[in-house]
Amino acid sequence: MASNKQFFVTLAIVAIILPSTASATDYTVGDDSGWNNKFDYAAWAKDKQFYVGDTLSFMYTPGSHNVFKVNGTEFDQCIKPEPQLALATGNDVITLATPGKKWYMCGVAQHCAGGQKLFITVQDASSAANGIFASGYQIVMIATVAIGAMFAMA
Ligand SMILES: *[C@@H]1O[C@H](CO)[C@@H](O)[C@H](O)[C@H]1NC(C)=O
């Protein structure tokens, strides 16, 4: 009896912890088009939900483009930050570490003015759809485990 009970308690703990560890997404900005000055990044970002812990990969030929993380004013006016702040490897991976608005632009030539810029809003990992899904899942699992535990202890 005791071992059955331990089994269900273990299962309950796993069921509660599992959903919150399984959700980071890696986005390649522009998908197969990568990061360039002939793509609509607003359209690309439009239907996506970004969460803390997700990553953005900016893929391009080094030297042709670069990536600056900027603020809203710099984004709107295509103001380039100091050159040494540029990411320029051609495979720049950024982890979305905090919730809120994030702005990125290319600092090469006039690419930003031509539309090579990305604006996204990052949501807390426990918010919105993820949170609803996780809590719904947890309720089902807890109910299942509780019923199982009653049988185990009967
Ligand atoms: C954006 O950054 C620039 C330069 O670092 C700064 O002067 C400006 O006040 C910032 N704007 C906002 C809205 O934070």
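In strand β6, Trp103 is the bridge partner of Val70. This contact belongs to the pairing of β4 with β6 (residues 100-105), which runs in the antiparallel sense over three bridges; two strands are taken as paired if DSSP finds at least two bridges between them. The model is a predicted one, in which local features need pLDDT of at least 70 and side-chain atom pairs count only at pLDDT 80 or more, whereas totals for chains, interfaces and linings use all residues. Residues are numbered from 1 along each chain as its sequence is written.

Strands β4 and β6 are part of an open sheet of four strands, ordered β2-β7-β6-β4, with mixed pairing. Its edge strands are β2 (50-51) and β4 (68-70), each of which pairs on one side only. Strands of a sheet pair through backbone hydrogen bonds, either parallel or antiparallel.

The chain holds four helices and seven strands. Read from the N terminus, the order of elements is α-β-α-β-β-β-α-β-β-β-α.

A further open sheet consists of three strands in the order β1-β3-β5, and its pairing is mixed. Strands β1 (26-28) and β5 (91-95) stand at the edges with a single partner strand each, so one side of each is left without a neighbour in the sheet. From one strand to the next, the twist averages 20°; for such angles, axes are lines fitted to C-alpha atoms, for helices over the stretch in contact, and the values run from 0 to 180 degrees between N-to-C directions. The pairing of β1 with β3 (residues 55-59) is parallel and extends over three bridges, with Ser57 of β3 as the bridge partner of Thr28. Strands β3 and β5 pair in the antiparallel sense over five bridges, and Asn91 in β5 is the bridge partner of Met59.

A residue is classed as buried if 20 or more other C-beta atoms lie within 10 Å of its own, as exposed if 12 or fewer do, and as partly exposed in between, with C-beta atoms placed from the backbone. Of the 154 residues in the chain, 18% are buried.

The largest nonpolar core has 17 residues, and those with the most contacts inside it are Val29, Phe58, Val67, Tyr104 and Met105. Such a core is a set of buried Ala, Val, Leu, Ile, Met, Phe, Trp, Tyr and Cys residues joined through C-beta atoms within 7 Å. Strands β3, β4, β6 and β7 (117-123) are the elements that give two or more residues to this core.

Val29 lies in the loop between β1 and α2 (41-46). This residue counts as buried because it has 22 C-beta neighbours inside 10 Å. Apart from neighbours within four places in sequence, Val29 is in contact with Trp35, Tyr41, Leu56, Ser57, Phe58 and Leu118, a contact being defined by C-beta atoms, placed from the backbone, that lie within 7 Å. The C-alpha atoms of Val29 and Trp44 are separated by 8.0 Å, the two residues being 15 residues apart along the chain. Among contacts in the chain with a separation of 6 or more, 79% are accounted for by residues 24 or more positions apart.

Two loop residues have a backbone phi of note. Most residues other than glycine have a negative phi. Cys78, although not a glycine, has a positive phi of about 55°; it is found in the loop between α3 (72-77) and β5. With 18 other C-beta atoms within 10 Å, Cys78 is partly exposed. Ala109, likewise not a glycine, has a positive phi of about 45° and is placed in the loop between β6 and β7. Ala109 is exposed, with 12 other C-beta atoms within 10 Å.

The ligand is surrounded by Asn71, Gly72, Thr73 and Glu74, where a residue is near a molecule if its C-beta atom, placed from the backbone, lies within 6 Å of it. The residues of this shell comprise no nonpolar, three polar and one charged. In this division Ala, Val, Leu, Ile, Met, Phe, Trp, Tyr, Cys and Pro count as nonpolar, Asp, Glu, Lys and Arg as charged, and the others, Gly among them, as polar.

Conventions. Contact = placed C-beta atoms within 7 Å.
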